[in-house]
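Hi there,

Here is the structure I promised to pass on to you. Have a look at it first, and then read on for what turned up in it.

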Amino acid sequence: MPKNKELRTADYSIISEQEIVDLINNGQQGEWNNIFISPVINGVSLSIEPSINLTGGQLSRNVHINDTFLLFSFISALKKLDTLKILHLLGYDLRDLPENAFLFRSLEYLRIQNCYLLELPKNISENSGLETLSLSHTYLDNLPFELEKLTKLRVLEVSDNLLMG
């Protein structure tokens with residue numbers, strides 16, 4: 001591991017399901033522990049700030065997917081990885097989120113930001129290792145009571161939502 005904690009990235013644009021299979025199968029497991037997923041809109045992707053690097057200098061993957069079907073196919077493929085600890089999902093319309101979309105064995109940090117997310121799946125509480133859940137700039141108006149089952153959760157960030165206290 002490098003002594004300086006620079007953010008090293010690898011960028012991918014996915015336009016087919018075969019590219020998802022190739023990308024996951026051709027990478028080493030350890031390379032897939034910090035992933036940023038965002039669309040490219042008018043040739044520009046959401047910027048990823050180096051200050052977000054939580055992996056101590058390890059490789060960060062920036063994956064750009066514009067098609068929602070491919071997005072969920074990619075997320076489903078990621079579930080095969082035992083090393084995924086950090087997942088950032090930025091700038092998607094997630095109104096039709098599958099119930100099991102965010103069930104990962106080793107996930108510790110989940111950031112869903114600038115997404116049209118109306119509701120968080122109740123079974124997100126099955127991510128027993130989740131320590132940080134960041135849900136800023138979404139359209140959430142409530143949180144599931146099941147979040148109390150996340151015993152390792154230390155940070156719950158919910159700014160700029162429709163939540164009423």
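Is Tyr-116 buried, partly exposed or exposed? With a relative accessible area of 28%, Tyr-116 is partly exposed, because buried would need a value under 20% and exposed a value over 50%. I'll come back to that residue below. One thing to keep in mind throughout: this is a predicted model.

The mean pLDDT of the protein is 74, and 73% of its residues reach 70 or more. If you go element by element, strand S9 (155-157) has the highest mean pLDDT, at 94, while strand S4 (residues 44-45) has the lowest, at 46.

**The overall layout**

The protein has 165 residues, and 46% of them are buried. You'll find two helices and nine strands. Going along the sequence, they follow the pattern β-α-β-β-β-β-α-β-β-β-β. Now take the contacts between residues at least 6 apart in sequence: 54% of them join residues at least 24 apart.

**The core**

The largest nonpolar core has 38 residues. Which of them have the most contacts inside it? Those are Ile-37, Phe-74, Leu-94 and Phe-102. Helix H1 (17-26), strand S2 (34-38), strand S5 (59-65), H2, S6 and S7 each supply at least two residues of this core. H2 gives the most, with seven residues.

Leaving out residues up to four places away in sequence, Ile-37 touches a whole list of others, among them Val-63, Ile-65, Leu-71, Phe-74, Leu-87 and Tyr-92. Phe-36 is found in strand S2, and Phe-36 is buried, with a relative accessible area of 1%.

**The aromatic pair**

Back to Tyr-116. The count for the structure comes to one aromatic pair, and Tyr-116 forms it with Tyr-139. The ring centres are 4.4 Å apart and the planes are at 40°, so the pair is tilted; to be stacked, the planes would have to be under 30 degrees apart, and to be edge-to-face, over 60. This pair links distant parts of the chain, 23 residues apart. Tyr-116 is in the loop between strand S7 (109-113) and strand S8 (132-134), and Tyr-139 is in the loop between S8 and S9. Tyr-139 is partly exposed too, with a relative accessible area of 39%.

**The salt bridge**

Side chains of opposite charge can pair when their charged atoms come close. How many salt bridges does the structure hold? It holds one. Lys-85 forms it with Glu-108, and the closest N and O atoms are 3.8 Å apart. Lys-85 lies in the loop between helix H2 (68-78) and strand S6 (86-90), and Glu-108 lies in the loop between S6 and S7, so the pair ties together parts that are 23 residues apart in sequence. Lys-85 counts as partly exposed at 33% relative accessibility, and Glu-108 is partly exposed with 30%.

**Two backbone angles to look at**

Most residues other than glycine have a negative phi. Asn-114 has a positive one, near 55°. Asn-114 lies in the loop between S7 and S8 and counts as partly exposed, at 38% relative accessibility. His-137 also has a positive phi, near 55°. You'll see His-137 in the loop between S8 and S9, where it counts as partly exposed at 35% relative accessibility.

Enjoy turning it around on the screen!

Best wishes

Key: Residues numbered from 1 in each chain as written. Predicted model: local features only at pLDDT ≥ 70, side-chain atom pairs only at ≥ 80, totals over all residues. Heavy atoms only, no water. Phe/Tyr/Trp six-rings, centres within 6.5 Å; stacked < 30°, edge-to-face > 60°. Helix = DSSP H or I, 4+ residues; strand = E, 2+ residues; numbered from the N terminus. Buried < 20%, exposed > 50% of the residue type's maximum accessible area, 1.4 Å probe, protein only. pLDDT = per-residue confidence, 0-100. Salt bridge = Lys/Arg side-chain N within 4 Å of Asp/Glu carboxyl O. Contact = heavy atoms within 4.5 Å. Core = buried A, V, L, I, M, F, W, Y, C linked by side-chain atoms within 4.5 Å.
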